[in-house]
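Please consider the following note on how two chains meet and how one of them is built.

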Amino acid sequence: MADSKYITLVSGEGFEFVVLREAALVSPTIKGMLRSQFIEARTGRCTFPEISAHVLEKVVDYFHYWYRTREQEDVPDMEIPPEMCLELLMAAEYFNLDSKNPLRERE
Amino acid sequence: MSKENSEFTPCWDILRGALTDIHNKNASRLSFENLYRASYKIVLRKNGELLYNSVKAFEELWFRNHALPPIAELVSPNLISIALLQLPGSSAHERRETGERFLRGIRSTWEDHNMSMNMVADILMYLERTYVAESRRPSIFAATIGLFRDHILRKDLDRASEQLDRPFIIFDVLIAVVLDLINMERDGDIIDRNLLRQITSMLEALYETDDELENDKLYLTVFEERFLEASRGFYKNECEKLLREGNASAWLRHTQRRLREEQDRCDTSLSILTTDKIASVVEEELIVAKLKEFLAMEGSGMKSMIDNDRHEDLSILYQLISRVDKTKHALKTILQIRVMDLGLEIEQTLKSTDFSAPAAGAEAEDAAEGGEKSKVQPLSAAAQQTAAAIKWVDDVLQLKDKFDTLSKTCFNEDLVLQSAVTKSFAEFINMFNRSSEFVSLFIDDSLKRGLKGKSDEDVEVVLQKAIVLLRYLADRDMFERYHQKHLARRLLHNKSEIHIEKELVRRMRAELGNHFTAKFEGMFKDMELSKDLSENYRDHVRNLGDADAKNIDLGIHVLTTNNWPPEVMGRSAVQEDGGRPDCTFPPAIKRLQESFFKYYLKDRSGRVLTWVASAGSADVKCVFPKVPGKESGPLSKERRYELNVSTYGMIVLELFNDVADGASLSFEEIQAKTNIPAQDLVRTLGSLSIPPKSRVLAKEPMSKNVKATDRFAFNAQFVSKTIKIKAPVISSTSKVEDGDERKETERKNDQTRAHVVDAAVVRIMKQRKELSHTQLTTEVIGQLAGRFKPEIAMIKKRIEDLLVREYLERIEGETAAYRYLA
């Protein structure tokens, strides 16, 4: 089965976000999910029961923001509402979105 | 603690179940997110270490219960006796089948394990990122993949150890099987290369420890070492076998094939990490180890390759030797020896050709001289010797062509080899003490005889050959002397094409410098000026309106003494007779000479012109009157011929104008009247009285030689079919010098060299003021290298001479040091 260009991310509430596969692969977590032989790899559908829709939405925003700007320099910061900071930090940890993350650099 | 445990256990249960599913290839129904989240949570609760240890323990258990048993079963007593005991009696086919079955077992276990561990590592990504990074333990992947090494490869099987009577591990079996398969392939069997490649990839992916240091790959630390060792043994045996077979050509091809095979093997079955190492094993065992023996093989070794122009063999040989020795020492040495031997062979052949005609006495004498070639040759053999000289040059050039071809087709025009060969050529050419003369003779022969009607390309070839040979000569001053002599003859007798001569000299100048060709160029200039001079003089005579009945046409060559060889200038005769032989010219000629002399000195007062009768020639119109009493046939009519004779011949013929019909002159009378040197007169009279075609004088008695007691008369009966007759002038053919001539040439050459050395010494001392004897000698040799190799004794003698003449003085208190005296 040829991998589709898009994948679907599902929040705990069941909201679905269709994301460009290449953009989502910035997260080692998603990358690992999609390269093994697990159910996510087969279906192209990743469910995150413990992540709420508004956080996942911001994460998806980040994926696309990263994807758009990945070859540019002096990119302006993404806008983050202060009240979401803590939740987003935890999500970043979960998705292994750490710029110093060796898992990201290895690829 | 219990709280932590209670949080750990449910998550771990999920993971453990998943690990089992992964090993059983049931992963496709598992959710990665679920498993990732389970491990994520465990790590967040600071239970990373526990998770790490639990996973490792799980995997160890799994290995013991599920992975090892099938492998242990494959290590059957049969496999052990085949692989490790190498018991005879098993067919190659059986060994291959058993071995490959074992390897396939290992491969499938490894592939399962590798894939599973990749998946596990993905699930435990968060553990890896946080706990492992902080605790500095090996990554979970390294730790679990390493289990394969510890629990499979390094596993010792008691049952098998008993069979072997020594401890052993599965790894030993694995390597033994792989090496056995490789040897089978070397012997021509087809094996499963892909399987081999997968096994070696496995060994490349495993390390000595879980730290996974680049140089600690099991492939490098264990396998490669044994592979190289086994290969060394294999090729050592093979080399012995090839040596026994005694065919160097087969050896070359075999070695080349082996090198290719091993490279191929590394590309397809092993690892490119080994390519260079196995190549050097093959190089050491098959090339270096017995190189000398192979090269020296009778009938197929290098000598035979060179002699039989086996270019392919030599190409391979060059490639092989280039691999192991950048200086190609072995190849170089044999090449040089071969060049020398073949060069000396040319000389030997020449010697037998040379001495086939003359008396046996000369040969014996020569042998007694220990191969000294410049012995007295009977004059009758002169032509033969000239031919020998040409043959020598041809042979040398042929040899040169041969080695040039080798260099081009086999040795990639290798500079090291080229210069070695060139050196050997120079060496044997210069060991032959007549090389300078022979080279000049070759040029003489080619330009005189060969070039008529030949194309520019042919001329080019000859010129190139001449220059090639010239480059090898060490005693260039000797060559210069010979070339001067031969060139003079060619120019004066109009024997060659002037533009080709000039081209040759131009190339000599480019090769050897101005000083070398100055004299030759002077000669060309003399020739050109003389041509104009002759024409101008002719005009001058015509304008005078001097109606001389006999009207002698004068073509004159005014030669500058220094540019021309002394032989031509008649100076050698001075030494023989103790005085300049001034031959007596007939009055008509004398008038002509005086007239020219007057004309010449009109613009050039103060010059001295000397007539060199020995170098000139003349066209003489002869009238043979009707022979009385003959009414038919050619003798019944008056006959007019034009005779081309040497100047001496002309003088002699003039004498007979005044001799009464039927009267004759004796040799002495002729000599007295003409004052021609006896030797020249013999030749001149010989050419006029012996060959039937130009026998205008009748000799009494009729014989093949001219003696002092002979008498000569006008040959009234002379008949010729052609109007123009050429009396063969013996002296105009360049021939090899006989022993005396040669000694003479060498003596003269040494004289010249003495002056050149003098000049060099003075030049050096003028500049350096003070110098030790050794330094001075070295500098002199250095300065003269382009012209000749001065002998040390000569330099010493010249220095002493200069001391006497007070150009130099000894520095007191120092041994052998000199000071320049201004």
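1. What percentage of the 822 residues of chain B count as buried? In this predicted model, 49% of the residues of chain B are buried, that is, under 20% relative accessible area with a 1.4 Å probe, protein chains only.

2. Chain B contains 33 helices and 9 strands, taken as DSSP runs (helices H or I, at least four residues; strands E, at least two) numbered from the N terminus.

3. Chain B and chain A bury about 1,900 Å² between them, with 57% of it on carbon and sulfur atoms; buried area is the accessible area (1.4 Å probe) that two parts lose on being put together, summed over both. In chain B, the residues that lose the most area to chain A are B:Phe32, B:Glu33 and B:Arg129, together 33% of what that side buries.

4. The contact (heavy atoms within 4.5 Å) draws 21 residues from chain B and 22 residues from chain A.

5. Across this interface, 4 salt bridges are found, each a side-chain nitrogen of Lys or Arg within 4 Å of a carboxyl oxygen of Asp or Glu. One salt bridge joins the side chains of A:Arg35 and B:Asp122 (2.3 Å, N to O). On the side of chain B that touches chain A, the elements giving two or more residues are α2 (32–44), α5 (92–123) and α6 (125–135). The largest share, 7 residues, comes from α2(B).

6. Residues are numbered from 1 along each chain as its sequence is written, and chains are lettered from A in the order in which they are written. Side-chain values use heavy atoms, leaving out hydrogens and water, and side-chain atom pairs count only at pLDDT 80 or more.

Note on methods. Predicted model: local features only at pLDDT ≥ 70, side-chain atom pairs only at ≥ 80, totals over all residues. Buried < 20%, exposed > 50% of the residue type's maximum accessible area, 1.4 Å probe, protein only.
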